Amino acid sequence: IKSSQYYICGFYRSSGFCKLDDFLDYFTECMSKLKGKKVIWIGDINVDQNKINDLDYKKLDSTLKAFNMVQTIQNYTRVAKRGDKFTYSTIDVIITNCYGDFDSSSVLPEKLGDHFSIKCELQFKVELPPKFEKLSIHDYSNSNIKAFQTYLANVNLKPLFECNQVNNALSILDTHLNKFHDHFFPLKTIKKHECFIYKPSQESLDAIKFKKKLHRKFKAKLKKVNESNCGSCNVCNHCMNAHLAWDEYRKQRNLTNKITKNNKRENLVNDLKSKSARNDLKGIWKSL
C-alpha cells in the first residue's frame, strides 16, 4: 500500500509440495530485502499454532523472532472431520512486524470450505486522489486583453525606434513586453476536469459546442412539457418535440464522445512520437 508504506503478502504453503524449511528460507530472503519496512503476511501456512511443542512450530517461531514478528491469530481457523471426530487447528495466520498499528485481528464466521476467514484492521488513512487536477494558466479574460491593448496604444516606443543597435532594441522590447504580459495576464489556478482535452481539435470544439446547444434545446422543450401539465402523455406536440430534441442530443452526444476519444488518442500518439524522436524515455513512461 504505497500511501501508507505497508507491504502485504498473501501466501499459501502446501504441506505436500513445499517443505517448511524451503518456505522459511524464502521468508528469510524476503524479510532481508524488506529490512526496516512494515510487513504483513496473510495466508495458510499449514503449521498448527496450537501445537507449541511441535518441531515445525518451533522452527517457525524461531524465524519470526529473528525478524521481531508475531503471529496475531489466536482462535482456530479450520475444522476438519476425520471419521466421527472433528479436529480444530489454527493454520491460517497473520504475521507482522507492526502489530502496534493493528486495531484488531480476528477470525470471521464466514467459511470457505473447511477454513474460516481471517482479517486485520490497521490504523492508517489512505489519501484519496483529488477529483480535479489543478493547473496554472495565464488569465486571458476579455477585460485583461482590453487593458493590455489600451496600454500598447498609449505606450511611448519612440526611444526604441531611434536606437541604432537593432539587437539591443529587440532585446529591450522583448523584456518589456514579457514583463507587462505577466502584469496584465497573471497566472491563475484552475481545476482540470477528467474530461479535459489537451490541445483539442477544431472538430472537437465544434462538436462540443453543438452538443451543448442541442442540450439547451432539449431542456427548453422539456420545460414546455412540464408547463403544459399533460402528464408526459407522449402524444401531444410538446411531448413529441421533447422526444425529437432528446434523440438529436443523444446522437450528437455519442458522436462528440467518439470525436473526443479520437482526439485524445491522436494527441497521445503524437506526444509519444515526439518524445521517441528525442529519446525521452522518462517522458514516454510518464505519458503511458
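Two strands count as paired if DSSP finds at least two bridges between them. Helices (H or I, at least four residues) and strands (E, at least two) are taken as DSSP runs and numbered from the N terminus.

Colleagues, the structure above is a predicted model, in which local features need pLDDT of at least 70, side-chain atom pairs count only at pLDDT 80 or more, and totals for chains, interfaces and linings use all residues. Residues are numbered from 1 along each chain as its sequence is written, and side-chain values use heavy atoms, with hydrogens and water left out.

I begin with strand 6, residues 92–96. Strand 2 pairs with strand 6 in the antiparallel sense over five bridges, and G43 has V93 in strand 6 as its bridge partner. Strand 3 also pairs with strand 6 in the antiparallel sense, over two bridges; here Q71 has I95 as its partner.

How many of the residues of strand 6 are buried? Five of its five are, where buried means under 20% relative accessible area, exposed over 50% and partly exposed in between, with a 1.4 Å probe and protein chains only. In a regular strand the side chains alternate between the two faces of the sheet. In strand 6, D92, I94 and T96 point one way and V93 and I95 the other way, and all are buried.

I turn to the aromatic residues. A pair of aromatic rings is described by the distance of the centres and the angle of the planes. Rings of Phe, Tyr and Trp (its six-membered ring) pair if their centres lie within 6.5 Å; planes under 30 degrees apart count as stacked, over 60 as edge-to-face and the rest as tilted.

The structure holds 18 aromatic pairs. One of them joins F11 and W41, whose ring centres are 5.9 Å apart with planes at 65°, so this pair is edge-to-face. Because F11 lies in strand 1 (residues 6–12) and W41 in strand 2 (residues 38–44), the pair ties together parts that are 30 residues apart in sequence. F11 is buried at 14% relative accessibility, and W41 is buried at 2%.

Y76 and Y88 also form an edge-to-face pair, at 5.0 Å centre to centre and 70° between the planes. Y76 is in the loop between strand 3 (70–71) and strand 4 (78–82), and Y88 is in strand 5 (residues 85–89), twelve residues apart. Y76 is partly exposed at 41% relative accessibility, and Y88 is partly exposed at 47%.

Finally, Y140, F148, Y151, F180, F184 and F185 form one aromatic cluster.
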